[in-house]
Amino acid sequence: MSGLAITALVFGVLCFLPAVGLVLGVVALSRMRRTGERGNAMAVWGIALSCFGLLLHLLVLLGGGWGDVRAGVRDATYPVFAVNKGDCFTTRQGGLEGLTYDVDEVSCAEKHDGEAFGTYGVSGADGSYPGDKAISAEADVKCDDLRFVYAMDSWAHPPDVDVYYFTPTPESWKLGDREVTCMFGSADGKTRLTGSLRNDATMQTRDQLVYLQAARRLEGALEATPEAAYVEDDLPGHREWAVEMSEALVAQTYLLRDRTWPQRSASAVAALVKDLDAARKEWDLAARATDADTFYLHYGRGMDLVEPDGAVPSREALGLGTTPPPHLVSDPEESGAGGGEGDKGDKGDRGDKGNERGNGDAGPGVGAAV
């Protein structure tokens, strides 16, 4: 019995080295003609099975395997930024400013450049590249929503932490990159963080969770200030914002009233609700203002009633953060609250809407949503 014929059959059956089985089968047939050894059938089956194996390998290469090859070429040309929710990482260049091609995952207990708190797919992913401004505008909204899910109490954040996001570039878009990663990083984009900022619903008591969900309504409205800094420049836009503020206050007070609060926090929550009710009336009047002076008058009164200081007692009683984030603290010198005719001033800015985006030839871009 020809050993080569047996080996050819074995390689043909195993199919992981079909070329070896094919060669051994051909050699076995040629040798058996000279030596008179038996095993022609096994050699023929080895050749047939090896040819079948070669065909399968070719189909894999042209099918799914080709996709893997393309992915490998893409990753070698444009390294893909890939971190998951809850991952902390460092960047090769240090910090989150500019473009980031590669990252190293580290423990959140160690010093790190960023902490990912969510990802999402860009809208219109089947079409052409929507443009940097469109992607950034969507990231401002969606990353803020994901931030609240991951770290619900913004008052518990360190003051030197901002929200950043990595986005596709025109070059990476062509290679199938459609994902935006939202993350925390230092306000200056360079200083490293220590410790996780995760503070989701699983880490809250039921009372804390309801309170934070209610507070979120007002915080969202406060951050949605009109683009025009002065009421005179866009009275209709400011009136629409006043309506949004009023509706947010209605939703917030409803949630706060709908719960029976523990004795230690009941009086503080009741005092907060009283102020919020008074604020809603002022914002209603601002929404109906027919001139800038009237708007400024009620805006000032309404803003005084929703200042962060008013929420501190209830937050303290519930064991929540008591240091308001910078974007919720207005600057008295810039605020137009209480300004009379001829001395209206700037109504104040409740948050920087600007972005700083990474520019480069390839790879995921990074932007800061402050």
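I number residues from 1 along each chain as its sequence is written, and side-chain values use heavy atoms, without hydrogens and water. As the model is predicted, local features need pLDDT of at least 70 and side-chain atom pairs pLDDT 80 or more, while totals for chains, interfaces and linings use all residues.

Asp113. I located aspartate 113 in the loop between strand 3 (111-112) and strand 4 (114-121). Strands are DSSP E runs of at least two residues, helices H or I runs of at least four, both numbered from the N terminus. Aspartate 113 is buried at 2% relative accessible area; buried is under 20%, exposed over 50%, partly exposed in between (1.4 Å probe, protein chains only). I found a polar atom of its side chain 2.8 Å from the backbone nitrogen of threonine 91.

Salt bridges. I counted 11, taking a side-chain nitrogen of Lys or Arg within 4 Å of a carboxyl oxygen of Asp or Glu.

I looked up glutamate 138 and lysine 142: their closest N and O atoms are 3.3 Å apart. Both sit in helix 5 (residues 132-150), 4 residues apart, so about one helical turn separates them. Glutamate 138 is buried at 16%; lysine 142 is partly exposed at 30%.

Next I checked aspartate 145 with arginine 216, at 3.4 Å, N to O. The former lies in helix 5 and the latter in helix 7 (residues 206-222), so the pair ties together parts 71 residues apart in sequence.

Last, I noted aspartate 277 with arginine 257, at 2.1 Å, N to O. This pair links helix 9 (residues 263-287) to helix 8 (residues 235-257).

Technical notes. A polar contact is a pair of N or O atoms within 3.5 Å; within protein, one must be able to donate a hydrogen and the other to accept it, and residues adjacent in sequence count only if both atoms are side-chain atoms.
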